[in-house]
Amino acid sequence: MKNHSTLSWFILPLILFITFNHSHAKQTESISNTLRIEHLLNKFYQWRSQQTQENQLKLATPVVVAGVLCFIAASISSAGGIGGGGLFIPILTIVAGVDLKTASSLSAFMVTGGSVANVMCNLRSTCPKYGGRTLIDFDIALLSEPCMLLGVSIGVICNLVFPEWLITMLFATFLAWSTSKTCKNGVLHWKMESEELKRNGCETLEKRSDESEGIEATKEPLLGVKGDCKLRFPWMKMGVLVLVWFSFFTLYLLRGNRQGQGIIEIEPCGAGYWIISSLQIPLAMTFTAWILCKKDIVQHQASNHEDEDQDLIREGPSNKLIFPNMALLAGILGGVFGIGGGMLISPLLLHVGIAPEVTAATCSFMVFFSSTMSAFQYVLLGMEHTDAALIFAIICCAASFLGLVVVQRAIQEYGRASLIVFSVSIVMALSTVLMTTFGAVDVWRSYVSGKYMGFKLPC
């Protein structure tokens, strides 16, 4: 009995010692892992700050590499008709080493340059598949643009109020969902195109046998009728879009920014600032209601005879308010995330059944108006590095021309409009990874440094 008690007095301290050493080792390991992560983050931030101090957008290797990567990103983004801001901002901040504010202003010019190329190509080209009309659906643009501009203003205010961790989570969640939906739409379009190509293969064999028998002469009257039905350019709709653009732009100029910088003297973030900001709501509602009324009148007149100026929404949804609602959602999310609405509204249009070609052309057309407004605001508010912004804009314009030519030839040769959907998926997936990682690193840094991570006031 005495031996047992002696043995227990010897074993008990040994067990306690081993347990303490094991827990101490685990604690030491966790502390070392935390220190290692902290060391890597410090190295990353030191590298970014060093890049920012050294480069300042001078002609250096990082800036050249960033230009090449932006060229590739713009060529891919142009195929889907989206701006590409979700790729430009991470490239400029990580590779070129510029700060986020400068990267956002440069991105506005780069998106403008790419959208100019898209709009010029889409206005000049017509599609026989849609009766010789341009691929830009002006009705979707008219119904969407006022609400998208309103949504951007609301989203910018939410961006100031929301904590960074919430913005990062919303961005990752929405873009992951949109990317998966867009990929599914791409696969669905690919299967439909494969079936159509099989049917067209059989019809081509029949047509060749008919042409060998001399039936080609019957095509002459059809060609003549097609030439007489040449469509007019919708100048009225273009004028309304320009009027919407100038109306919102005038409000932005009168309001200025939160520091009171504008064309008139106004108290920074005072009552006048919020009154002018709130005028965007009735302005967007008035334009949307007026456009819907005009569209109803045109459709009523066209019910008696076939109208030349029909839109391309044949297989789309019948509910007209779905487009303003989608544009408002895309604008809000674009303002919250700090990117253009093209990457957000494109998957929504594809989801409701709009054809990929029409989606790409229409999105690029709407991005042109929103990006030019952002670029003009940056210039009027004293933007720096305007020469570098113009150079990057020219690079993206050339890249967009190249991307459009390559994709259009691929579609004509292989009959695969789903290539547009897949290009949108690629841009969205890359943007999700880059911007989510970039935001997560900043959130972790704020958490470790003990910064306030709650909701903030807009002023």
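## An aromatic cluster

Phe138, Phe365, Phe368 and Phe369 come together as one aromatic cluster. The model is a predicted one, in which local features need pLDDT of at least 70 and side-chain atom pairs count only at pLDDT 80 or more, while totals for chains, interfaces and linings use all residues. Residues are numbered from 1 along each chain as its sequence is written, and side-chain values use heavy atoms, with hydrogens and water left out.

Across the whole structure, a search turns up 12 aromatic pairs. Rings of Phe, Tyr and Trp (its six-membered ring) pair if their centres lie within 6.5 Å; planes under 30 degrees apart are stacked, over 60 edge-to-face, and the rest tilted.

## Two edge-to-face pairs

Let's begin with Trp245 and Phe376: their ring centres are 5.8 Å apart and their planes stand at 75 degrees, so this pair is edge-to-face. Trp245 belongs to helix α8 (residues 235–255) and Phe376 to helix α13 (residues 356–380), so the contact ties together parts 131 residues apart in sequence. Helices here are DSSP runs (H or I, at least four residues), numbered from the N terminus. Trp245 is buried, at 9% relative accessible area, whereas Phe376 is partly exposed at 44%. Buried means under 20% relative accessible area, exposed over 50%, and partly exposed in between (1.4 Å probe, protein chains only).

Phe365 and Phe369 also pair edge-to-face, with 5.2 Å between centres and 85 degrees between planes. Both sit in helix α13, 4 residues apart, about one turn of the helix. Phe365 is buried at 1% relative accessibility, and Phe369 is buried at 6%.

## A salt-bridge network

The structure holds 3 salt bridges, each a side-chain nitrogen of Lys or Arg within 4 Å of a carboxyl oxygen of Asp or Glu. Asp139, Lys237 and Lys295 are linked in a network of them.

In one, Lys237 meets Asp139 with the closest N and O atoms 3.1 Å apart; this joins helix α8 to helix α5 (residues 138–161) across 98 residues. In another, Lys295 and Asp139 meet at 3.4 Å, N to O. Lys295 lies in helix α10 (residues 280–302), so this bridge ties together parts 156 residues apart in sequence. Lys237 and Asp139 are both buried, and Lys295 is buried as well.

## Arg416 and its partners

Arg416 forms a salt bridge with Glu193 (4.0 Å, N to O). Glu193 is in helix α6 (residues 164–212), and Arg416 is in the loop between α14 (386–414) and α15 (418–449), 223 residues apart. Both residues, Glu193 and Arg416, are buried.

The charged end of Arg416 also sits over the ring of Trp190, 3.8 Å from its centre (the criterion is NZ of Lys or CZ of Arg within 6 Å of the ring centre and within 35 degrees of the ring normal).

Methods. Helix = DSSP H or I, 4+ residues; strand = E, 2+ residues; numbered from the N terminus.
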